[in-house]
Amino acid sequence: MCEQRRLGHIDALRERGLDPEAHLRCAPWVWHRGVCYDAQVAEVLARWPEASGFMCTGDSFAVLLHGALARLGYRVPQAYSIIGADDMEEVPDAMGNNLLTTVRLPLEEVGRQAAAIVIQQITDRSQEICDVALPVELI
């Protein structure tokens, strides 16, 4: 997970009076489509049996995790909660409803802001690095 996102998780836990050391774990995995990760997921669950959910770095990762948990015999969300990030993929149930909770990123606004910053830097011949925080939506 990127450092800024990890720090955001830590801040959110603290704002709710929760100890990040007790509630946040970063699993050391790398995901690629088409590869079975059941053993990695089983290892993470054995390492942190108290885990009740996963905040994924993207919906693609969340979909792969959902599949691995299902193959290992776990039901989502009964056994584990999964939250994706980017609102790009779905995990449909038998009725076609999306089972994946995700965070929708304002990608159009990201593009607008990025273009404006690049134009500003070219115009001013600036190399200033800036951070822009935009609101997200829980879906």
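This section describes the overall build of a predicted protein model and then some of its contacts, salt bridges and surface features.

The protein has 139 residues, of which 25% count as buried. Its secondary structure consists of five helices and four strands, and these follow one another along the sequence in the pattern α-α-α-β-α-β-β-α-β. The C-alpha trace spans about 55 × 35 × 25 Å along its principal axes. The accessible surface comes to about 9,600 Å², and carbon and sulfur atoms contribute 54% of that area. Among contacts in the protein with a separation of 6 or more, 54% are between residues 24 or more positions apart.

Two of the helices, α3 and α4, were examined as a pair. Two packed helices are described by the angle between their axes and the distance between the axes. Helix α3 covers residues 38-47 and helix α4 covers residues 59-71; their axes come within 9 Å and cross at roughly 80 degrees. An angle from 65 to 115 degrees counts as roughly perpendicular, and α3 and α4 are therefore roughly perpendicular to each other. On the α3 side the contact involves Asp 38, Val 41 and Leu 45, which meet Leu 65, Ala 68, Leu 69 and Arg 71 of α4.

Asp 38 is part of helix α3. Its relative accessible area is 15%; because buried means under 20%, Asp 38 counts as buried. Leaving aside residues up to four places away in sequence, Asp 38 touches Ala 68, Arg 71 and Leu 72. With Arg 71, Asp 38 also forms a salt bridge, in which the closest N and O atoms are 2.9 Å apart. In contrast to the buried Asp 38, Arg 71 counts as exposed, at 51% relative accessibility.

Gln 40 is likewise placed in helix α3. With a relative accessible area of 27%, Gln 40 is partly exposed. Gln 40 and Thr 57 are 17 residues apart in sequence, and their C-alpha atoms are 17 Å apart in space.

The structure holds seven salt bridges, including the Arg 71 and Asp 38 pair described above. Another is formed by the side chains of Glu 50 and Arg 25, at 3.8 Å from N to O. Glu 50 lies in the loop between α3 and β1 (53-55) and Arg 25 in the loop between α2 (20-23) and α3, so the pair ties together parts that are 25 residues apart in sequence. Arg 25 counts as partly exposed, at 35% relative accessibility.

A further salt bridge joins Arg 104 to Asp 87, the closest N and O atoms being 2.6 Å apart. Arg 104 is in strand β3 and Asp 87 in the loop between β2 and β3, so parts that are 17 residues apart in sequence are tied together. Both residues are partly exposed: Arg 104 has 36% relative accessibility and Asp 87 has 23%. Together with Glu 137, Asp 87 and Arg 104 are linked in a network of salt bridges.

The loop between β2 (81-83) and β3 (103-104) also contains Met 88. At 57% relative accessibility, Met 88 counts as exposed. Met 88, Leu 107 and Val 110 make a nonpolar surface patch of about 290 Å².

Definitions and conventions. Residues are numbered from 1 along each chain as its sequence is written. This is a predicted model: local features need pLDDT of at least 70, side-chain atom pairs count only at pLDDT 80 or more; totals for chains, interfaces and linings use all residues. Side-chain values use heavy atoms; hydrogens and water are left out. Patches are made of residues with over 30% relative accessible area and no salt bridge: like charges are joined within 9 Å, nonpolar side chains (Val, Leu, Ile, Met, Phe, Trp, Tyr) within 5 Å. Accessible areas come from the Shrake-Rupley method with a 1.4 Å probe; for residues, only the protein chains shown count as cover. A salt bridge is a side-chain nitrogen of Lys or Arg within 4 Å of a carboxyl oxygen of Asp or Glu. Buried means under 20% relative accessible area, exposed over 50%, partly exposed in between (1.4 Å probe, protein chains only). Axes are lines fitted to C-alpha atoms, for helices over the stretch in contact, and angles run from 0 to 180 degrees between N-to-C directions. Angles under 35 degrees count as roughly parallel, over 145 as roughly antiparallel, 65 to 115 as roughly perpendicular and the rest as oblique. Contact means heavy atoms within 4.5 Å.
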